[in-house]
Amino acid sequence: DLLIMSSDKHSSTSRCPAFLFLFAEVVMIVLYGVFVEWGPSTDFKESVPGENAATTQTIQTLYPIFQDVHVMMFIGFGFLMTYLVRHSWSSVGINFLVTVVAIQVYFLSAGLWKRVFGEESWEEKIHIQLLNLIQADYAAASVLIAFGGVLGKLSPFQMLFLTIIQIFVYAFNEVLVFHTCKVFDVGGSMTIHAFGAYFGLAVSLVTTDKAKAKDHPDNTSNYTSNLFAMFGTLFLFMFWPSFNSGPENGNGMLRTQIATLFSLIGSAFTVFMFSTICRNGKFHMEDILNATLAGGVAIGSAANIVQNPMAAFIVGCVVGGVSIFGFEKLSGILQRKIGLYDTAGIHNLHGMPGLLGGVISAIFAAAMTPERLGTPVEDYFFGRSAHLQGGWQIVGTFVSIGIGILGGIFTGLFLKIKWLNPPKEYFSDLEFWHMDGAEEDWEQPVAKGGEIQMAVKTETDRGVTDRLATDKAATDRGLAEKIMTPNGENEITSNKESPSKPLKVD
């Protein structure tokens with residue numbers, strides 16, 4: 001009865017936001033019709049001789065990279081966030097929804113800001129190139145990172161609103177940092193990870209109902225949900241070198257891929273070791289699901305300017321330890337001191353490693369020499385000296401963090417509007433999904449961690465006890481039937497008055 005009442009309570013979700021966003025989709029389609037057209041590499045006719053051959057070569061190089069990054073968005077991030085035991089449908093489903101919206105909004109937003117900053121002409125329409133597809137996935141990644149901070153605490157319509165606003169702000173920050181600051185950020189440590197993390201943390205700080213989130217019983221995982229989340233981690237780990245190397249080419253692309261792999265190896269190994277040290281000699285799945293990936297985040301800004309392969313291992317090992325510290329200590333401190341409820345620990349996986357990635361890129365840039373480059377440093381660093389470029393790397397990092405925080409605060413204030421259907425309950429699929437008979441999963445209490453083995457043992461013991469009781473009852477019943485006298489009287493009963501009379505058993 002309680003379950004039926006709960007389902008009835010969740011069945012009154014308003015449909016009005018759906019009509020609003022359908023209207024927004026119509027507007028975007030019209031804007032595409034007015035402002036977007038095929039570019040030189042996608043047009044029906046060649047603008048210069050041999051352009052088709054060059055396009056084919058570009059496709060052979062970049063389209064596999066795009067496929068890898070695309071898998072990271074939909075499967076990697078999607079399944080990584082299914083660890084919440086009663087929010088897994090929303091985790092992977094909303095991930096799907098906001099990614100497709102983010103890609104669509106990005107082309108229009110980036111096209112606008114490139115014209116505002118003078119990078120492209122107002123006289124030209126927005127052109128769609130293969131590299132733009134990868135950049136659109138990068139924009140979506142910043143939203144998915146922010147999603148981790150508010151996971152289970154925002155409705156699907158609130159996430160759609162957040163996506164549209166965040167992509168608009170992301171595109172502004174991207175053009176500002178690359179066009180004005182002229183930084184090196186090939187893998188997005190500052191513009192994707194740090195920006196997305198602090199945007200999401202700011203939204204979480206503004207929108208989270210602390211009383212509802214504190215010690216919520218469904219803000220947990222179990223054996224099965226963590227296993228599904230591990231699929232996401234492994235996909236992200238495998239394809240991260242492609243993510244970081246997308247904008248590069250030639251030697252720089254291969255150098256970026258190798259440096260990223262080495263940094264990931266360093267963080268993964270270190271996290272496994274530190275997890276046993278910090279968690280009483282056993283691995284903790286929260287650490288393995290998240291902190292193992294910190295090396296890919298931290299090396300992002302510097303992956304194409306790492307002077308020695310050894311340095312990539314060092315970066316991964318150091319940032320793996322930092323990420324473990326975040327999950328083990330810092331998250332709890334921030335929750336108690338300022339009420340920051342970071343559901344998926346994005347500050348530990350993306351925020352701090354992204355910040356460190358910007359600082360690390362400044363160190364590598366400042367240490368660059370003409371001998372290493374084979375050309376004057378000024379030719380490589382936009383006319384700047386190595387030390388000056390290092391300073392601009394720091395500027396770009398804190399610009400991204402600052403814009404992320406300010407954008408997140410204002411977005412969070414807008415998200416408090418009631419007509420966006422804020423969730424009545426946190427960390428639950430029931431309110432926004434037809435469960436199709438799966439409601440029975442909500443009848444059982446969530447078994448987590450060490451409670452799983454005890455629950456299995458209890459269920460086994462109960463089954464054995466029931467079987468023994470059933471067998472004993474059947475035995476007694478059969479015995480009683482055999483002891484009936486010819487006139488129908490039970491001999492056991494009749495002998496109560498004469499206990500010395502022998503029983504006749506056939």
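This report describes the helices, selected loop residues and packing of a predicted model.

## Overall composition

The protein has 19 helices and two strands. It contains 506 residues, of which 48% count as buried. Among contacts between residues at least 6 apart in sequence, 80% join residues at least 24 apart.

## Helix α2

Helix α2 covers residues 16-35. Its 20 residues, at 1.5 Å a residue, should span 28 Å, and the end C-alpha atoms are 29 Å apart, which agrees.

Pro-17, Phe-21 and Met-28 are buried in α2. Viewed down the helix axis, the buried residues of α2 fall within an arc of 30°, so they line one face of the helix. These buried residues pack against α4 (88-116) and α6 (156-181). The face turned away from the buried side carries the exposed residues Cys-16, Phe-19, Leu-22, Phe-23, Ile-29 and Gly-33.

Helix α6, one of the two packing partners of the buried residues of α2, is mostly covered, with 19 of its 26 residues buried. At 1.5 Å a residue, α6 should span 38 Å; the distance between its end C-alpha atoms is 35 Å, which agrees.

## Packing of α7 and α17

Two packed helices are described by the angle between their axes and the distance between the axes. For helix α7 (residues 189-207) and helix α17 (residues 386-415), the angle is about 30° and the axes are 7 Å apart. Angles under 35 degrees count as roughly parallel, and α7 and α17 are therefore roughly parallel to each other. The crossing in which α7 passes α17 is right-handed.

## The loop between α17 and α18

Asn-421 is found in the loop between α17 and α18 (451-482). Its phi is near 55°, a positive value in a residue other than glycine. With a relative accessibility of 11%, Asn-421 counts as buried, because the cut-off for buried is under 20%.

Phe-427 also has its place in the loop between α17 and α18. Phe-427 is not a glycine, yet it has a positive phi of about 60°. The relative accessible area of Phe-427 is 1%, so this residue is buried.

## Ser-301

Ser-301 lies in the loop between α12 (294-298) and α13 (309-338). Its relative accessible area is 0%, so Ser-301 is buried.

Neighbours within four places in sequence aside, Ser-301 is in contact with Phe-184, Asp-185, Val-186, Gly-187, Ser-189 and Met-190, and also with Gly-357, Gly-358 and Ser-361.

## Cys-278

Cys-278 belongs to helix α10, which covers residues 250-278. A relative accessible area of 32% makes Cys-278 partly exposed.

When neighbours within four places in sequence are left aside, Cys-278 is in contact with Ile-324 and Glu-328. In sequence, Cys-278 and Ile-324 are 46 residues apart, while their C-alpha atoms are 8.6 Å apart in space.

Definitions and conventions:
Residues numbered from 1 in each chain as written. Predicted model: local features only at pLDDT ≥ 70, side-chain atom pairs only at ≥ 80, totals over all residues. Heavy atoms only, no water. Helix = DSSP H or I, 4+ residues; strand = E, 2+ residues; numbered from the N terminus. Buried < 20%, exposed > 50% of the residue type's maximum accessible area, 1.4 Å probe, protein only. Contact = heavy atoms within 4.5 Å. Expected span 1.5 Å × (residues − 1). Arc of directions from axis to C-beta. Axes fitted to C-alpha atoms, helices over the stretch in contact; angles between N-to-C directions. Parallel < 35°, antiparallel > 145°, perpendicular 65-115°, else oblique. Left-handed = near helix turned anticlockwise from the far one by under 90°.
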